[in-house]
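Reader: Could you take me closely through one part of this model, the place where its two parts meet, and then through the elements around it? I would like the criteria stated as you go.

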Amino acid sequence: MTIRVHALEGHPHVLTPLRFTRAISGRPRLDAPDLDDRGWAMPRPPGWVESEARGPMIGITVGDTIRLRVEREDFPLNASLFVTASAGGAPQFKIAEPEGGGALPSDGVFRVEALEDNDTAQTIEIRLGSTEGPILAEAEPHVFEPLTLRVVPHLCTIHSSASGGSGKTPEVQLSRWFAEARSILRPAGIHLRLDGMTRQSYLGFNRDDLPRRPSGTFSGNEEATLVSQGYVENRCNVWFMRYMEDSKGIGVNRDNMGSEGFENPGVLIAVDGQWSATQGVEVTDAASRDQVVANDLAHEIGHFLGLSHAGQDYADDPYHQRNLMHSRNPLSEDVDAGYGPKMRGALVTLKVYPNEEGDGQAARLRDRLRQPNTAKY
Ligand SMILES: [Zn+2]
C-alpha cells in the first residue's frame, strides 16, 4: 500500500487517511451522536482530561453504548482496520463492538460503551492490520455522569373570546418530541425528565391560538401573560401553543427574562407554525413537523440554560448549520447538514475555539445545571 504525500517545506503536516463520522445520517438517535470534528486541534474546556490525541471529540453518558463510523479517505477498501481503546489507568470506556477490536465491518461502524467519568486520558485508536498495528486515526470521547433537567410541559389553549371556545388546543406528541430532544442533549450528559403536565386556557387574547408580542400597533405582551400562568418552581417550564408571532419558539432564562418582560424563565414552543401581522399564518410542513419541533425544544432548552446562537456571522457555514444553536430552523438554504434537507443539525460542541463566541456548549450547559435551583431554573 502506498500513500503519496506532497509536503510543503516548513509547514507541519497531519495526515488523515481516515476520519470519524456520525454512524447514521438523518434524524437524531440516542445511540448515534454527532461528533465535534471541527479541526484536529483539541481546545478543551478548563479542567477536562487531556490526551495526546488529535481528532474529533465525542460526548458519551456513563452507561450508554453509542455507534461511530470510520470513513476511509483515499484509503484502500481491502486494508483491514481494527479499533482499540488506549490502555493505562481506570478506563473511561471500552470498545463494545466489534469483539476483540476488529476487523471493522465494511460500513466502518463500531460501538463504544461509556464506563466511568474519571481522570484517565483515553483515546479511540484505529489501527492498521491488527489491534497492535500502527495507529492511523484517533478520537477522544469525553465521558459524562448524567445530570437531570426536570421539565414540566403546559398545553396552552388560547381564545380571543373573553368567554372561550374559539381557540383550539394544540395537538402534541410529547413523548416523541421529548425522546428526540433527549437524544440531542444526551452527548452533553444531560437527561430530560418529564415531571407531569398541565393544561392552561387563556381568554380574551388578541387572536385565537397565539400570544401576541409587542410589535407594530400592538403594545401588549401576551407571551408574558402566558408564562405567568401554570408556572412550577424548580422546573424547566415549557408552554406549547399552536402558533407564535414571528418565531417558532423562544427560550428565556433568569438572566434575560427581564428584557422579555417575563416574570418567569421558561420555554415557549409553537407546534403548528408561526404567524406575523403582515404574512399571516405560515404552517410548518407536516412531513418535518416532529423533527422541527423536537429540535426547537432542545434549542430553546439550550437558551434556557444560557447558550447563545452559534456562528451568527457565518450562518451558511456547514459546521454552524450542524449546530443545535444555529439561529434558523428549518435552514433557509436548501442544504443538508446531515440531518435531512433543510434541517438544522443537533451538534452540541465540546471543543472551545476562542474565536467562536459561546463555544464549549456541553461544558456551559453542565455548569449551568450544577448551579443551585434558583440560578438554573
Ligand atoms: Zn434561538
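Author: What follows begins with the domains and their contact, and then turns to the strands and helices.

This is a predicted model, in which local features need pLDDT of at least 70 and side-chain atom pairs count only at pLDDT 80 or more, while totals for chains, interfaces and linings use all residues. Residues are numbered from 1 along each chain as its sequence is written.

The chain is divided into domain 1 (18-144) and domain 2 (147-376), with bounds that come from an automatic or database domain assignment. The centres of the two domains, taken over C-alpha atoms, are separated by 32 Å. Across the boundary, 21 residues of domain 1 are in contact with 25 residues of domain 2, a contact being two residues whose C-beta atoms, placed from the backbone, lie within 7 Å. On the side of domain 1 that touches domain 2, β2 and β8 (135-144) each supply at least two residues, and β2 gives the most, with 4 residues. That side has 9 nonpolar, 5 polar and 7 charged residues, where Ala, Val, Leu, Ile, Met, Phe, Trp, Tyr, Cys and Pro count as nonpolar, Asp, Glu, Lys and Arg as charged, and the others, Gly among them, as polar.

Helices (H or I, at least four residues) and strands (E, at least two) are DSSP runs, numbered from the N terminus. Both β2 and β8 belong to an open sheet of 4 strands in the order β2-β8-β7-β4, with mixed pairing; two strands pair if DSSP finds at least two bridges between them. Because β2 (57-61) and β4 (81-85) stand at the edges with a single partner strand each, one side of each is left without a neighbour in the sheet.

The loop between β1 (18-22) and β2 holds alanine 23, which is buried, with 20 other C-beta atoms within 10 Å. Leaving aside residues up to four places away in sequence, alanine 23 touches Ala32, Arg67, Leu68, Arg69 and Val109.

Turning to strand β12 (residues 236-245), 10 of its 10 residues are buried, so β12 is largely enclosed by the rest of the structure. It is joined by 5 bridges to strand β9 (residues 147-158), running parallel, and in that pairing valine 152 has asparagine 237 of β12 as its bridge partner. A further 7 bridges join β12 to strand β14 (residues 266-276), again parallel, with tryptophan 239 facing its bridge partner leucine 268 in β14.

Helix α4 (residues 289-304) is mostly covered, with 13 of its 16 residues buried. From its first C-alpha to its last, α4 reaches 22 Å, close to the 22 Å expected at 1.5 Å a residue, the expected span being 1.5 Å times one less than the number of residues. After α4 comes glycine 306, whose phi is positive, near 100 degrees.

How values were computed. Buried ≥ 20, exposed ≤ 12 C-beta atoms within 10 Å, placed from the backbone.
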